[in-house]
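Hi everyone, and thanks for coming. Let me walk you through a structure that may be new to you, so please have a look at it first.

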Amino acid sequence: MSAQDSGTADRRRRQFADEARSERPDLALLCLLVGAEAGPLGPEEPRPVDPAETSPDPYGIDAAQIELDRLAGLLPYGARSPVAWASALAELLGERHEFCGSSADYQRLESSLLQQVLRRRRGLPILLSVVWIEVARRAGAPVFGVALPGHFVVGFGDPAQPVLVDPFTGGAPLTGQDADLLVTAATGAPLEPSMLTPARPLEIVLRILNNIRAWAAARPERTDVALWAVELSLLLPSHPARLRYERAQLLVQRGEFQRGAAEMEEYAEVLDAIEPTTAEAIRHRAQAARALLN
């Protein structure tokens, strides 16, 4: 990476951290900054670099925001009920623009990158839900995300009695029984009312980053993706402390033994007071990492 590219990446990270700590985090911007980490088309679809290309928006952030605005502008004007909002979004996004998902989308990194979901009109349930939320919000709809266990959906209206839809299936309406079946299939337990609580932007972003980490974990050759997903997660105001140890392990896997060992030892110090046995085990792993330098 050139010094210029490194500087651009650092600025994006600072922008991500600042936005995550703002009073009202912008969900679309945070998701687009996540997508920018993977590059213009994602690591799986590199394209030749045109020396004459001088795009001011190489990672598609501005273009994606414009596309979300454009889609919102295609919705009909006028006040409507939550059911009517859900129907209008399903007609626009599900039918006319064919946003939906399939089992194959779970195998693609692009399915977790908002820029690519807007381009391909395919993605994971949570990213398709982000498209719905952002388009509907721009048009003035009472919309929110619903983080059901194992499947993310969208709600309209009163969160206590929401109108639920599933963007992954093009916006098919979900009854309470449908939602209960989704939760039962994922967890073996019935739907609880608390599961319908609107998901906050940072909760959505962390869940997206968790999906990216899971995708990379199944592909040992993609420690690059796993590392930036962990590092962005660590920039969120609230995140699992164990992510620090995961980052240290990734650094060791990538051959940065000294840095990885140092971060393991720092994490062990944090654990000393609450899990001394675990802390000692991590120190031994740090020693083993340093031994790989010899």
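Let's start with a term: a disulfide is a pair of cysteine sulfur atoms within 2.5 Å. By this rule, the count here is zero disulfides. Cys 31 has 3% relative accessibility, so it counts as buried, whereas Cys 100, at 22%, counts as partly exposed. For those words, buried means under 20% relative accessible area, exposed means over 50%, and partly exposed is in between, with a 1.4 Å probe and protein chains only.

A word on where this comes from. This is a predicted model, in which local features need pLDDT of at least 70 and side-chain atom pairs count only at pLDDT 80 or more, while totals for chains, interfaces and linings use all residues. Residues are numbered from 1 along each chain as its sequence is written, and side-chain values use heavy atoms, leaving out hydrogens and water.

Now to the helices. Helices (H or I, at least four residues) and strands (E, at least two) are DSSP runs, numbered from the N terminus. Helix H8, residues 201-217, packs with H9 at an angle of about 160°, their axes 8 Å apart. Axes are lines fitted to C-alpha atoms, for helices over the stretch in contact, and angles run from 0 to 180 degrees between N-to-C directions. That angle makes H8 roughly antiparallel to H9; the cut-offs are under 35 degrees for roughly parallel, over 145 for roughly antiparallel, 65 to 115 for roughly perpendicular, and oblique for the rest. In this contact (heavy atoms within 4.5 Å), H8 contributes residues including Leu 206 and Trp 215, and H9 residues including Trp 228.

Helix H9, residues 223-235, also meets helix H10, residues 243-253: their axes come within 10 Å and cross at roughly 155°. So H9 is roughly antiparallel to H10 as well. Among the residues making this contact are Leu 227 and Glu 231 of H9, with Arg 247 and Leu 250 of H10.

Last stop: Gly 145, which sits in strand E1, residues 143-148. Is Gly 145 buried or exposed? At 2% relative accessibility, it counts as buried. Leaving aside residues up to four places away in sequence, Gly 145 touches Ile 133, Phe 152, Val 153, Thr 197, Pro 198 and Ala 199. With Ile 133, the C-alpha to C-alpha distance is 6.9 Å, across 12 residues of sequence.
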